[in-house]
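Please read this briefing alongside the sequence and the structure shown below.

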Amino acid sequence: MPRWGMVIDLDRCIGCEACVVACQAENNVPINTEDVYHQRRAIAWIRVERYWEGEYPNIKARYIPVPCMQCTNAPCEPVCPVYATYHTTEGINMQVYNRCIGTRYCAVNCHWHVRFFNFWEPKWPDSLKNQLNPDVTVRSRGVMEKCNFCVHRIVKAEQKAKVEKRALRTDEVTTACAQACPTNAIVFGDLDDPNSAVSKLLAQAEQEGRVYRLLEDLGTDPKVYYLKKIDVAAAAEPAATH
């Protein structure tokens, strides 16, 4: 049984947000208009945080994509009074939309701010209504939603493999964000498959000392791994003295 995970190489991320757009289209995420942003109620299953390093004029822009961390010990799960969020046997933190009653306790208990509440019924322009993904449920007003590693793609690939009476091939399935990334900064796959791209990348990066996870000290065991950015210029600079 696979254990799905993701590796995000910050040395490759250019902050283009192709992953954000691909996720919005793939998962029928409502359009974030200017009014929605002003009310701080935008929904983005994956977002790209931008921050700055250095002092003017030697400033460098840094980017870090942030999807759901798919924590093994997810703090959002035990606080749900109706069990609308649960863990699958393949390690994905899932949301059951028709069970959710909108208490938002899960969002409060999520340290990464990757859970979103639907304050309104989702609407799309007429020109975009035919582009909705039929494999993904359109969430209604009053329920929570979040990244689920494009679970509909995983299910479809597993069903195809079952019909063809074979095991799921290595790297047969990937998420929309990983597929859309022009620099291959996002890699998705089975963490328990030593031949998967995600396992090989993680093993190499661990030898280089580049692997870390966001808020790892909380002990939630996230399955999204980050690879530190390689700053050649910083490495060449002499160490600061105090």
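Helix α6 covers residues 197-208, and its 12 residues reach 17 Å from the first C-alpha to the last, close to the 16 Å expected at 1.5 Å a residue, where the expected span is 1.5 Å times one less than the number of residues. Helices (H or I, at least four residues) and strands (E, at least two) are DSSP runs, numbered from the N terminus. This is a predicted model, in which local features need pLDDT of at least 70 and side-chain atom pairs count only at pLDDT 80 or more, while totals for chains, interfaces and linings use all residues. Residues are numbered from 1 along each chain as its sequence is written, and side-chain values use heavy atoms, with hydrogens and water left out.

**Helix α6**

- The buried residues of α6 are Val198, Ser199, Leu202 and Ala205, where buried means under 20% relative accessible area, exposed over 50%, and partly exposed in between (1.4 Å probe, protein chains only).
- Seen down the axis of α6, these buried residues fall within an arc of 135°, so they line one face of the helix; the arc is taken from the directions from the helix axis to the C-beta atoms.
- The face of α6 turned away from the buried side carries the exposed residues Lys200 and Gln207.
- The buried residues of α6 pack against β1 (4-9), β8 (186-190), β9 (211-212) and β10 (224-227), with contact meaning heavy atoms within 4.5 Å.
- After α6 comes Gly209, which has a positive phi, near 70°.

**Helix α4**

- Helix α4 has 13 residues and reaches 18 Å from its first C-alpha to its last, close to the 18 Å expected at 1.5 Å a residue.
- Val151, His152, Ile154, Ala157 and Ala161 are the buried residues of α4, and what covers them includes β1, α1, β5 (93-95) and β8.
- After α4 comes Lys165, which also has a positive phi, near 55°.

**Nonpolar cores**

- A nonpolar core is a set of buried Ala, Val, Leu, Ile, Met, Phe, Trp, Tyr and Cys residues joined through side-chain atoms within 4.5 Å.
- The largest nonpolar core has 46 residues, of which Met6, Trp45, Met69, Phe149, Ile186 and Tyr226 touch the most other members.
- The elements that give two or more residues to this core are β1, α1 (18-26), β3 (60-66), β6 (115-117), α4 (151-163), α5 (176-180), β8 and β10.
- A second, separate core of eight residues includes Val7, Ala205, Tyr225 and Leu227.

**Aromatic rings**

- Rings of Phe, Tyr and Trp (its six-membered ring) pair if their centres lie within 6.5 Å, with planes under 30 degrees apart counted as stacked, over 60 as edge-to-face and the rest as tilted; by this rule there are five aromatic pairs.
- The rings of Phe117 and Phe119 have centres 4.9 Å apart and planes at 85°, so this pair is edge-to-face; Phe117 is buried at 15% relative accessibility, whereas Phe119 is partly exposed at 23%.
- The rings of Tyr212 and Tyr226 have centres 5.7 Å apart and planes at 25°, so this pair is stacked.
- Tyr212 lies in strand β9 and Tyr226 in strand β10, so the pair ties together parts that are 14 residues apart in sequence.
- Tyr212 is partly exposed at 25% relative accessibility, whereas Tyr226 is buried at 0%.
- Trp4, Phe149 and Phe188 are linked into a cluster by ring pairs.

**Charges over rings**

- A charge sits over a ring if NZ of Lys or CZ of Arg is within 6 Å of the ring centre and within 35 degrees of the ring normal.
- Arg41 lies over the face of Phe119, at 3.9 Å from the ring centre, and Arg104 lies over the face of Phe117, at 4.6 Å from the ring centre.
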